[in-house]
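Hello,

Here is the structure I promised to pass along.

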Amino acid sequence: MATPSTRTRFVDATSGRVVSETRASELDVITSGQGILLRGITKRFGSQEAVSDVDLEVYRGEFFTMLGPSGSGKTTLLRLIAGFEVPDKGTISLRGVDVTGLPPYQRGVNTVFQDYALFPHFDVARNVAYGLRVRHVKRAEIDERVQAALEMVQMTEFAARRPAQLSGGQRQRVALARAIINEPQVLLLDEPLGALDLKLRQEMQVELKRIQRQIGITFIYVTHDQEEALTMSDRLAVFRSGRIEQIGPPTEVYERPATEFVASFVGTSNVIEAPYGRAVLRPEKIEITNGPLAEGRDGATGQVIDVAYLGMVTRYRVRLDNGNTMTAARQNSSGGSQLALTPESRVTLSWDLNDAFPLMSHSDAETQLGEPAKGAI
Amino acid sequence: MSTRVTTRERLGAALWRRPWLRGALILSPPLMWFLVVYLASLVALLVTAFFSVNSLTGNVVYQWTWSNFSQIFTQSVYETIILRTVIMAVLVTITDALIALPFAFFIAKIASRRSRQAFLALVFLPLWASYLARVYAWINILSNHGVLPSLESHLGLPVTNVAYTNVAMWIVFSYLWLPFMIVPIYGAFERVPDSFLEASADLGAGAWFTFRQILMPMILPGIVAGSIFTFSLTLGDFITPLLIGGSSSNFIGNAIYDSAINGGDLPFAAALAFVSIAIMALYLLLARLAGAFEAI
């Protein structure tokens with residue numbers, strides 16, 4: 001959370017036992033008990049701590065994304081919520097009920113797996129019906145609900161196909177239908193679009209959002225794709241080495257990254273020294289010219305080392321005269337105002353300090369930032 | 001690159017243009033071996049089954065006859081032997097499958113990566129020892145003054161006396177062929193992604209439901225592969241019946257041995273072998289009909 005807060009002990013209501021320490025600012029939401037609440041979750045694999053003392057609340061009905069590089073603990077946390085792993089420390093509650101010691105199917109959650117995990121010897125309808133057959137739902141009701149679920153994901157005409165006869169995107173839809181047919185309170189999605197090509201991925205992003213709005217349940221979505229996280233989420237958490245670096249809505253995380261890690265992982269960014277301390281500046285906020293620095297603006301001069309044409313924008317990597325590197329982006333307009341910049345060109349970078357956002361101090365972010373600043377001037 | 005094309009290069013290019021020729025060159029030596037040594041001897045064996053032996057001179061009479069087969073199917077002693085062999089093969093196969101299923105599941109899905117290799121090595125370990133040594137070891141365990149009866153009398157338990165019975169044969173066969181059942185089932189379990197088991201649990205299925213609905217259909221080919229080993233190895237054996245079985249424990253293999261070596265009646269031995277092959281062919285056919293070879 002962006003606001004600094006003190007840590008408080010949290011006492012389990014039934015046992016009176018101190019279960020974890022939690023931030024005071026989160027205590028009000030805890031009492032509501034409506035969404036998912038993780039308190040002091042720690043999970044070790046051998047000597048490796050995959051998740052370290054994570055506190056997290058996910059609100060009911062929201063599209064929540066856990067974003068981070070591989071090995072940052074986001075998938076482990078998802079599996080802990082799903083019930084495939086048991087935490088070494090901490091509690092998981094769902095709508096105010098402690099589910100930490102419950103198996104997956106007693107939690108009211110369902111998972112869409114990264115490899116879809118469709119049963120190869122069943123056709124689509126039988127795959128989707130699986131959860132209902134387990135629960136001995138009546139045949140007629142199964143047929144009805146399978147039909148409805150397949151309609152939801154627009155796969156009705158493929159009901160009799162085997163998974164091997166479907167494309168990646170179609171399998172994805174079937175996996176989704178199979179998970180939501182059980183009407184879970186929370187749907188967990190583990191990098192579900194990771195295996196699809198870009199076009200299909202973008203299509204499915206829209207689909208997933210539509211389905212989530214339609215059924216109105218909580219989605220917890222794991223991805224390492226920052227663009228996906230920004231476009232789809234109501235809120236997102238950025239993970240690093242088993243801890244959460246920042247939680248917030250996409251605009252907040254993008255515009256006001258709490259730490260240098262978030263700034264560099266979510267989009268490209270430059271870290272500059274502002275009068276008040278270190279600050280983050282996005283490449284599109286930097287103006288790149290081959291003239292002198294305009295009066296009243298902050299800036300620096302340097303030499304272009306790399307030019308990348310990205311369609312809508314062109315991205316310039318510039319080595320400043322003080323030896324640091326910065327990235328600037330420039331909109332490609334249809335007019336003739338293209339700058340003829342090539343590697344070696346001398347340029348001036350300028351910016352407005354109002355566009356930069358201060359980085360939180362280390363203690364606030366609860367992280368240790370070991371790496372040297374990338375774009376610091 | 002030089003402009004002169006060597007014969008070697010020309011030959012290489014010619015082969016590259018004709019994939020079938022490359023395939024033929026690779027396959028022909030083993031194919032020749034297979035045709036001449038394997039198939040030809042098999043055909044010779046089967047043809048011999050339709051000859052007979054002159055009872056006075058002991059020479060083979062090269063005249064087409066069904067007499068060997070009519071003898072096998074009319075004399076009740078052969079019916080008993082064939083039935084005993086087949087029932088034992090079925091029992092051993094079922095026993096091994098029941099033992100191998102949980103064991104293979106444990107190795108493939110529960111054991112850690114490192115202990116997995118240790119377990120597999122343990123499965124293979126007996127195969128490095130001689131067949132005879134392993135059978136004699138069981139004589140030492142089961143015989144009247146062997147390890148098992150002495151242990152039982154030490155512990156005050158009722159003493160089992162299964163030496164030289166069909167029960168002893170059943171135990172020893174099940175032990176001998178167990179690795180051949182474990183390995184293919186282990187391979188089949190290994191090919192089932194963990195996420196299938198998690199997905200099934202996630203959708204509410206218990207262990208038994210998951211086993212029946214998800215695991216069993218996917219590992220069936222592995223079980224059938226293993227059963228082909230255990231069934232055919234038991235069907236063709238004659239040493240264990242000789243050493244472990246009692247007075248009335250003859251297998252088809254023993255009958256073949258008797259007529260070929262003791263009786264000097266090669267055609268009759270060939271006819272018995274023919275029966276053995278026919279039973280195995282029938283078994284494969286049934287497995288195929290059960291859909292065991294359908295690719296998943």
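Below are my notes on a sheet in chain A and a pair of helices in chain B. Please keep in mind that this is a predicted model.

Let's start with the sheet. In chain A, five strands make an open sheet, and going across it you meet them in the order β15-β19-β16-β17-β18. Their pairing is antiparallel. From one strand to the next, the twist averages 45°.

A handy landmark here is R317(A), which you will find opposite T327(A) in β18(A).

Now for the helices. In chain B, helix α10 (residues 207-236) packs with helix α13 (residues 266-289), the axes being 11 Å apart and the angle about 165°. An angle over 145° counts as roughly antiparallel, and α10(B) and α13(B) are therefore roughly antiparallel to each other. The crossing of α10(B) past α13(B) is right-handed.

Which residues meet where α10(B) and α13(B) come together? From α10(B) there are V224(B), F231(B), S232(B), L235(B) and G236(B), and from α13(B) there are S276(B), I279(B), M280(B), Y283(B) and A287(B). Sorted by class, this contact between α10(B) and α13(B) holds seven nonpolar residues, three polar ones and no charged ones.

Best wishes

Terms used
Residues numbered from 1 in each chain as written. Chains lettered and ligands numbered in written order. Predicted model: local features only at pLDDT ≥ 70, side-chain atom pairs only at ≥ 80, totals over all residues. Pairing = 2+ DSSP bridges. Helix = DSSP H or I, 4+ residues; strand = E, 2+ residues; numbered from the N terminus. Axes fitted to C-alpha atoms, helices over the stretch in contact; angles between N-to-C directions. Parallel < 35°, antiparallel > 145°, perpendicular 65-115°, else oblique. Left-handed = near helix turned anticlockwise from the far one by under 90°. Contact = placed C-beta atoms within 7 Å. Nonpolar A, V, L, I, M, F, W, Y, C, P; charged D, E, K, R; others polar.
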